[in-house]
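Please look over the model first.

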Amino acid sequence: MRGERTCPRCGAPARPPGAWTSRWRCDLHGEVYPLAPVSTPSASLVHQLARDSHVPLWLPWPLPRGWVVGAVIHAGDDAGGVRAAGVGITGPNPLGGPGDFLLVAEEQGVGLGAGLAGLEGTDPGKAVEGEPQAKVQVQGRSVPLWFVEGPADRAVYAGHWGGSWLWAILYPQSAGVLLLEDVEVVDLRDLGHEADLLPYGTPPPWLARGYDQ
C-alpha cells in the first residue's frame, strides 16, 4: 500500500480503467475493486465513506478505555462506490503491549478480508462451518464468528451479517482475547455527528504492510 490504489487480495498495484474496460484490474486477479492507500483516519473521511459505502463501517461500541480509531480503509471505485470497508482501533492489549482490532465488512467477491488473512480466495471458505469460536453483538443480535487460519502474527475470525462478510482481525495474535468478552459493534454510518467526537490516531505499521507475508 504505497500511496497508490492496490489489489485488495494481494496488495499489488491496480491498473485504472482504460479504453477497453471500465474496471480497475490486477495483473494476477483480474477485475477488482481497488483498495485506497492507508491514510490517517479522520471524521471527514468517516463522513465521506458513510455517504459512499454499500457496506457497514463496523466499530466496537463503546470504545474500550484507552483505545483510539487508528485506521479506516476502503475498497471501491468511483462508479460502484465503496464495496469493502474496515475500521481499526488501537489500544492496550490485555496481555501486554499495544494491540489492534480491525473489523472489515465487504460484499461477496471483493477479497479484502481474505487478503489481510493471507488466504488464496476471496472468502473464508469452509472455515465458516461447524461450531463458531467467537461472536460479536450487532443490534442486540449475536453474530457468530469462526477462526480462520492466517499469518501467525495475527488472529483472524470471519462471519456474515446482512449479506456481507464480517471479518475481525486482531494484531498481535494475543489480542484475540478481546473476543472472549461480549463485544458490541455499531455501524459508523449510524453515529452521525458522534463520529466527530471519536479519538483518532494513526494507522498501525502492520496494516500498511499487511500483504508482505
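The text below covers the cavity, then the cysteines.

This is a predicted model, in which local features need pLDDT of at least 70, side-chain atom pairs count only at pLDDT 80 or more, and totals for chains, interfaces and linings use all residues. Residues are numbered from 1 along each chain as its sequence is written, and side-chain values use heavy atoms, without hydrogens and water.

**Cavity**

A search of the whole structure turns up one cavity of 30 Å³ or more. A cavity is a set of points on a 1 Å grid over the protein atoms alone where a 1.4 Å probe fits but cannot get out. The largest cavity has a volume of about 40 Å³, that is, the space filled by probe spheres set on the points. Its lining residues (an atom within 4 Å of a point) include Asp100, Phe101 and Trp206. Seven are nonpolar, three polar and one charged; Gly counts as polar and Asp as charged. Strands E4 (68–77), E5 (81–92) and E6 (98–106) and helix H3 (205–208) each supply at least two lining residues. These are DSSP runs: at least four residues for helices (H or I), at least two for strands (E).

**Cysteines**

The structure holds zero disulfides, a disulfide being a pair of cysteine sulfur atoms within 2.5 Å.

| Cysteine | Nearest cysteine sulfur | Distance |
|---|---|---|
| Cys10 | Cys26 | 3.8 Å |
| Cys26 | Cys7 | 3.7 Å |

Cys10 is partly exposed, at 26% relative accessible area. Cys26 is buried, at 1%. Buried means under 20%, exposed over 50%, partly exposed in between (1.4 Å probe, protein chains only).

Note on methods
1 Å grid on protein atoms, 1.4 Å probe; cavity = no way out; pocket = protein on both sides within 12 Å on 5 of 7 lines; lining within 4 Å.
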